Amino acid sequence: MSASETAFAGPGILLVLDGWGRAPAADDNALALAHTPVLDELVTRFPSTLADASGEAVGLLAGTVGNSEIGHMVIGAGRPLPYDSLLVQQAIDNGTLRTHPRLGAVLDKTAAAGRALHLIGLCSDGQIHAHVEHLGDLLTAAATHQVKRVFIHAITDGRDVADHTAPAYLARVAELADRAGTGRLATLIGRGYAMDKAGNLDLTEQAVALVADGRGMPADSLDQAVAASGRGDEWVPASVLTAAGSTAIADGDAVVWFNFRSDRIQQFADRLYEHLAATGRSVDMLSLAQYDTRAAIPALVERADASGGLADELAAAGLRSVRIAEAEKFEHVTYYINGRDTSVRAVEEHVRITGEGKPDYIARPQMNLDRVTAAVVRAAGRADVDLVVANLANIDVVAHTGHLAATVTACEATDAAVGRILDAARDNGRWVLAVGDHGNAEKMTKRAPDGTARPYGGHTTNPVPLVIVPARENRPVPSLPEQATLADVAPTVLRLLGHKPGSAMTGRPLL
Ligand SMILES: O=C(O)[C@H](O)COP(=O)(O)O
Ligand SMILES: [Mn+2]
Ligand SMILES: [Mn+2]
């Protein structure tokens, strides 16, 4: 064991501050505007560095903003993982998507029977859940296989991209259809309805009724449909474009989902699948990438192997971990950090904090942070727990509203929570590794094409702070390398626990 290992080895806390990115102070940087004495002191007093959390460093396409899924997967895996968006892009670039035998078989069958193809997905270039250009490749495949009737059911964004940009993306959809020579926009609905992931089935059912049965507001034009939302692109009401004719899904039709990320589309996919079955419609259904649905929906692009990460190493070493987060990020400290593995190892405990009623992030930016913090403090006090893994969700979740003042409050609440966690760590002889999973709150505006700064709640490509607070302050503290990535977190955590990095990990221990 090296000197630094002896100095640090022992129980600890891995604390993910969701959406904690670093950018120079500015009037749209909520983290810099907030009064955060604890976070400020953390990065000046203890070994800290900035970690890459976007683009190729984590397994995304170059220049792509980070996100919670890949962020937590790489934190857990200890290596960059080719993410679904990258794998889809590769399949498009090398031609294996549009020539996929599974897709070809479904398209041939649909064409031969004279049935329709329905393409459903988020139309923007946020690169978090979907990319509108992927639709172009599917349209080309449909044209090649002579599918005559192709309906595009567009979900509008306004969250991963600036709000009020839906008309531009829908214009791009029309261009892609023109270029392919097939496809027409059939229905429109905001992602607030179609991509709910919190079990609000009343929202999901509106998307199901729209796509399956053509039930929605009739709209003569895209602009009319988009303008009907009083709450931006996320909440465009279910609308049927009258020019598209009858857009309902009929027996024998085919459906292809073109979101690549599962978490926010799977509830809709499951409900649509079940509704079609319940109404006696037999439909071939495919998804662009693998979904975590109850329904068995074959995928066109398979996931990367994410095994051999932190969870496997902890289990092999018999190290007990407690995972804590509130509902919004619970899967991130369990399923994603474990490499999209649903099994709960014998040495793992999962604590999911839920609140009462529907969350209102602007009115209550504190969310359930007090209870998350209390759970972390409790777990930190247990002698049988080697590692506490927690996600503090507020900075990211509130920043997604694009509301600067609420996000400042979320940053301040997080600061106080980190203070309580550091106290508990010190009282219990634990080190703390605090890290962001991607940027968000440090950039709350985006320039519109007309040059004006518009509120922006999406993620960024900024690096994230990574800080190590030693268990005992009187121990020598080596400084951290200037360059780091999220892939270095798991090897560093293992070293802090007195273990070697896993053999599948290419990230390096930072001390
Ligand atoms: O799904 C969302 O809320 C956003 O599109 C992405 O945010 P996340 O990657 O932090 O979940
Ligand atoms: Mn996140
Ligand atoms: Mn986010």
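This section describes the domains, the ligand shell and the nonpolar core of a predicted model.

The domain assignment divides the protein into domain 1 (3-83 + 305-496) and domain 2 (85-301). The centres of the two domains, taken over C-alpha atoms, are separated by 33 Å. Their contact involves 18 residues from domain 1 and 14 residues from domain 2. On the side of domain 1 that touches domain 2, seven residues are nonpolar, eight are polar and three are charged.

Ligand 1 is surrounded by residues of both domains. Each of domain 1 and domain 2 supplies at least three residues to the shell. The shell consists of Asn67, Ser68, Glu69, Ile128, His129, Arg159, Asp160, Arg264, Asp396 and His400. By class, five of these residues are charged, four are polar and one is nonpolar.

The largest nonpolar core holds 172 residues. Nonpolar side chains tend to be buried together in soluble globular proteins. Within this core, the residues touching the most other members are Leu15, Val173, Ile324, Val388, Ala390 and Leu433. Helix α17 (residues 404-427) contributes the largest share, eleven residues. The core, like the ligand shell, draws at least three residues from each domain.

Leu15 illustrates the contacts of one such core residue. Neighbours within four places in sequence are left aside here. Leu15 is then in contact with Ala390, Leu392, Ile421, Val432, Leu433 and Ala434. Two of these partners, Ala390 and Leu433, are themselves listed among the core residues that touch the most other members.

Technical notes. Residues numbered from 1 in each chain as written. Chains lettered and ligands numbered in written order. Predicted model: local features only at pLDDT ≥ 70, side-chain atom pairs only at ≥ 80, totals over all residues. Near = placed C-beta within 6 Å. Nonpolar A, V, L, I, M, F, W, Y, C, P; charged D, E, K, R; others polar. Domains from an automatic or database assignment. Core = buried A, V, L, I, M, F, W, Y, C linked by C-beta atoms within 7 Å. Buried ≥ 20, exposed ≤ 12 C-beta atoms within 10 Å, placed from the backbone. Helix = DSSP H or I, 4+ residues; strand = E, 2+ residues; numbered from the N terminus. Contact = placed C-beta atoms within 7 Å.
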